[in-house]
Amino acid sequence: MTADSPGLRPATIAVTAGRPPHEPDQPLNQPIVMASTYVAGGDLEYGRYGNPTWTAFEDALGALEGGRALAFSTGLAAVATVLDLVGQGGTVVAPRHAYNGSVMQLADLESRGRIKAVLVDITDTEAVVAACDGAALVWLESPTNPALEIADIPTIRAAAHEAGAYVVVDNTFATPLLQRPLEDEVDLVVHSATKYLAGHSDALLGAVVTRDDELFRVLKGRRDLVGAIPGTLEAWLALRGLRTLHLRVERAQANAAELTRRLRAHPAIGEVRYPGFGGIVSIVLAEGELAADLLTHKTALWVNATSLGGVESTFERRRRWKSEPTTIPAGLVRMSVGIEDVDDLWDDLAGALDDLTLPT
Ligand SMILES: Cc1ncc(COP(=O)(O)O)c(C=O)c1O
């Protein structure tokens, strides 16, 4: 049995994929290859076209998602490269509550006359299916960030393909351990590998995964041309992070489920949103915006910081960002639940919630 053997389970793939061959004197781990150019005559030629450290990360992620992966400098570089598949004036259907940076890219492209963006309520499957008619690309994110809405991926995928559109799923929140959209015949999976895949809040990286060789070729060509390539150290850090993805996701999810249960019983909380899987929980403070701001400044373990998917618990009031849509409640705090002891996380959180005394 080798790391490429079919039928290996995700935890084994996470640990074994993307390693050098098991031969005498080969390093066990893929080294960090710092090279801007290579001796001519091979496949790589120049540092913008490829790097063995990127390839190791791509092999491991591709094996987990069940496709071929390409790494990018950031998640948003991956998003931009995928959106560039849309021809001049083409329509893109996307969740109105997709990650704000993705929605801002759509707005920017639309403002320059490049595309037409149709933003939908991704939970309204009938409306999304109707919007697919005439679309060039259907963008899905499930769960959405930070509303935690779930899309009916198989139904929307079928309608989008019927309309001749590409279907893309941003799988950042679920990770390939909890959702493998390529198995639902989605064309492309996108990741902010900055989040769970790398998992330690120390690297920015993006990725696209596909089973379609032609799409792979086109996207690789765009990456070569534009230069939206990953840093070698970042790719190595993400690969290192990927080795424990299953353990981190398992613990974060268990903590998130338990915190959801306890938060639902706390009087300071108006609403708890948790889709039933993953490590992200969004809470809406009963007293609104000010209470949410107070909470994010009163804890010791929970850190008020943007981003998510790291080993440490972080949270933020999302509407502190001016670009966040007003349909996201002003008192919503997105919590990225880490892998600490759940009782310590709860004591810190509950202490701050109990203490919320608003000025009258
Ligand atoms: C769901 C989702 N997609 C994409 C991105 C963009 O990724 P990056 O920050 O790596 O550019 C983010 C970042 O927060 C995200 O949450």
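Accessible areas here come from the Shrake-Rupley method with a 1.4 Å probe.

**Figure 1. Overall fold of the predicted protein chain.** The accessible surface comes to about 15,600 Å². Carbon and sulfur atoms hold 53% of that surface. The chain carries 12 helices and 12 strands. Its radius of gyration is 21 Å, close to the 21 Å that the globule rule gives for 360 residues, so the chain is as compact as a globular protein of that length. The C-alpha trace spans about 75 × 50 × 35 Å along its principal axes.

**Figure 2. Burial and contacts across the protein chain.** Of the 360 residues, 52% count as buried. Take the contacts between residues at least 6 apart in sequence: 67% of them join residues at least 24 apart.

**Figure 3. Helix α8, residues 213–226.** This helix has 14 residues. From first C-alpha to last, α8 reaches 20 Å, close to the 20 Å expected at 1.5 Å a residue.

**Figure 4. The buried residues of α8 and their packing partners.** Leu215, Phe216, Leu219, Arg223 and Asp224 are buried. Helices α2 (52–65) and α3 (75–83) pack against the buried residues of α8. So do the strands β1 (68–72), β5 (166–170), β6 (188–192) and β7 (206–210).

**Figure 5. The two ends of α8.** At the start, a side-chain oxygen of Asp212 reaches to within 2.9 Å of the backbone nitrogen of Glu214. Gly227 follows the helix. The phi of Gly227 is positive, near 80°.

Note on methods. Residues are numbered from 1 along each chain as its sequence is written. This is a predicted model: local features need pLDDT of at least 70, side-chain atom pairs count only at pLDDT 80 or more; totals for chains, interfaces and linings use all residues. Side-chain values use heavy atoms; hydrogens and water are left out. Helices (H or I, at least four residues) and strands (E, at least two) are DSSP runs, numbered from the N terminus. The expected span of a helix is 1.5 Å times one less than its number of residues. Buried means under 20% relative accessible area, exposed over 50%, partly exposed in between (1.4 Å probe, protein chains only). Contact means heavy atoms within 4.5 Å. A polar contact is a pair of N or O atoms within 3.5 Å; within protein, one must be able to donate a hydrogen and the other to accept it, and residues adjacent in sequence count only if both atoms are side-chain atoms. The radius of gyration is taken over C-alpha atoms; the globule rule is 2.2 Å times the number of residues to the power 0.38.
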